[in-house]
Amino acid sequence: MKISITRPLIAVAAAALLSSCMGEKFHVEGNVKNAKDSVLYFEHNGLEGFTVVDSVKLDETGTFAFSGDGTKCPDFYRLRIAGQIINVAIDSTETVSVEASYPMMASNYKVTGSAENEKIRELALSQMALQSRCQALASDNSLSPDSTAMAIEQAIDAYKEHLRKNYIYKEPMRAYAYFALFQYIVVNNQARMVFNPSQNRDDVKVFAAVATSWDTYYPGSERGLNLHNIALEGMKNKRIIDGQRQGLVVDQSKVIDSGVIDINLRNNKGQMVSLTSMKGKVVMLDFHLFNTGDESTKRIMMLRELYNKYHARGFEIYQVSVDENEHFWKMQTANLPWVSVFDPDGEESQYLVKYNVQELPTFFLIDRNNQLQKRDVQITDLEAEIEKML
C-alpha cells in the first residue's frame, strides 16, 4: 500500500508535472578540453539499455549543450566519448554543468549546479578505486588462488558497507542511492555486480530499502517498480537455494498429498494463532508482502470481496506477512477482518521454504479437514474452487 506523501512533496511533484506539461526542459552543458574533433554522445540510461539522445562534434573549445523534457522523477543519462563516460542524474528541470578533460574525462571532471551529481561523481571515483584494487589483487602472483579470492571478497564487502552507510541507507530516496545499487567491476575480463540480490539476502534488503523509499517519493515510477521486481526475484532465488541446501524444498505434489504443514504465529492483536485451529473451515492460506505498493492494495481489495462473499458460509483467510517492518504490517492490517499473522523471520521464513513459495504473493486452499488441496498455479477459477469446497 502506498505510504502517504507529505504536502511539500506533493507540491514538488505537482510543480514538476506542471513544468513538464508547459514544455520546460532540463539542460546538461559545459565543455570537454583536449577533445577537438571527438564526437560527444548524450545517451539515456533506460531500463532496457542505452539510447542516443543527441551528439555533437566538439571544436577546439569543447563546448556542448544538451537538453530534454523535464522529468517527474529522477532519470539517468551519460556523456560519452568512446569508452570514457560521465554519468548524470536528472531531476525535473535542473541545469547541470560539467567540465572535463579528455582522454581521462571519466575520472577528470567536475560538476556544478547539482549536489546529486557530485555524489554520483564520488561514487564513480570510488568504483574506479575498487576496480583498480581488485584487479591488482587478481594480478598478484604472490597470492594463492584462495587468498586472492578472499582478498577480493573482503575488498568488495568493505566497499558495500561504505555504500550502505554513506549513500544508500542515508538517503534511499535519492538518485545517487539508486545509482549505487547498480555499480559493477570487471576482474580478469569478468563483470561482477557489487550488489547481487540474486545470490545475497543482505543485498536483497538494500534493493528493497530503496524500492520502499521510491514508493513514497515517486509512487508508481517505472524504476521503483523495477527495484521491487528485482528484490522479489532475489527473495525467490534465495529461498530456492536455501531450501536445496537444507533439504527443505517440498515437491509440489508432495505438499498437496501431505495434509497441511502447521503454522503458529502471532496475529495483529498479539495472540498466537495456528493454521490448524482453522479446522472446520475452508481456508485460504495467503503468503503476502504488504510493502509492494499498488500491487498489495489491489490484492487486499480482491481478498475483501472473497471474504465478504463467502465468510458467512465458512470461508476464512489465514494471511502470513513476511514484511520486514512489523509496525508497518500492523498499520496495514488493523482493519482487516481475517486472520493476519506476522513472521518475524521475514524473507528467511522457514514456512516459505516448507511450502515451496517461490514468488509473492502465493496462496493455497485448505479444506475443512485441514487437508491442503490446491495452490494458486493449479487454480483457473478461484470462486468455483471455493464453492466446491464449501
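Which residues of S13 are buried on one side and which on the other? Val282, Met284, Asp286 and His288 lie on one side and Val283, Leu285 and Phe287 on the other, and all are buried.

## Basis of the model

This is a predicted model, in which local features need pLDDT of at least 70 and side-chain atom pairs count only at pLDDT 80 or more, while totals for chains, interfaces and linings use all residues. Residues are numbered from 1 along each chain as its sequence is written, and side-chain values use heavy atoms, with hydrogens and water left out.

Strands (E, at least two residues) and helices (H or I, at least four residues) are DSSP runs, numbered from the N terminus. In a regular strand the side chains alternate between the two faces of the sheet. In S13, both of these faces are covered.

S13 pairs with strand S14 (residues 315–321) in the parallel sense, over 7 bridges; two strands pair if DSSP finds at least two bridges between them. Leu285 stands opposite Tyr318 in S14. The chain passes from S13 through helix H8 (residues 294–310) to S14 in a right-handed β-α-β crossover. Right-handed means that, with the strands pointing away from the viewer, the path from the first strand over the helix to the second runs clockwise. S13 and S16 run antiparallel and are joined by 5 bridges, with Ile366 of S16 as the bridge partner of Val283.

## The sheet and its helices

An open sheet of 7 strands has the order S12-S11-S15-S14-S13-S16-S17, with mixed pairing. Strand S12 (272–274) and S17 stand at the edges with a single partner strand each, so one side of each is left without a neighbour in the sheet. From one strand to the next, the twist averages 35°. Axes are lines fitted to C-alpha atoms, for helices over the stretch in contact, and angles run from 0 to 180 degrees between N-to-C directions.

Two helices on the sheet may be described in turn. H8 packs on the sheet and touches S13, S14 and S16, its direction making about 155° with that of S14; contact means heavy atoms within 4.5 Å. Helix H9 (residues 326–333) packs on the sheet as well, touching strand S11 (264–267), S14 and strand S15 (339–342), and its direction makes about 175° with that of S15.

## Backbone exceptions in loops

Most residues other than glycine have a negative phi, and most peptide bonds are trans. A cis peptide bond joins Tyr102 and Pro103, with omega about 15°; Pro103 lies in the loop between strand S7 (95–101) and strand S8 (109–112). A cis peptide bond also joins Leu360 and Pro361, with omega about -5°, and Pro361 is found in the loop between helix H10 (350–354) and strand S16 (362–366).

Asp37, which is not a glycine, has a positive phi of about 75° and lies in the loop between strand S1 (25–33) and strand S2 (39–46). Asn370 has a positive phi near 65° and is placed in the loop between S16 and strand S17 (372–375). Asn370 counts as buried, at 10% relative accessibility.

## Cysteines

A search of the whole structure finds 0 disulfides, a disulfide being a pair of cysteine sulfur atoms within 2.5 Å. Cys73 is partly exposed, with a relative accessible area of 22%, whereas Cys134 counts as buried at 0% relative accessibility.

Technical notes:
Buried < 20%, exposed > 50% of the residue type's maximum accessible area, 1.4 Å probe, protein only.
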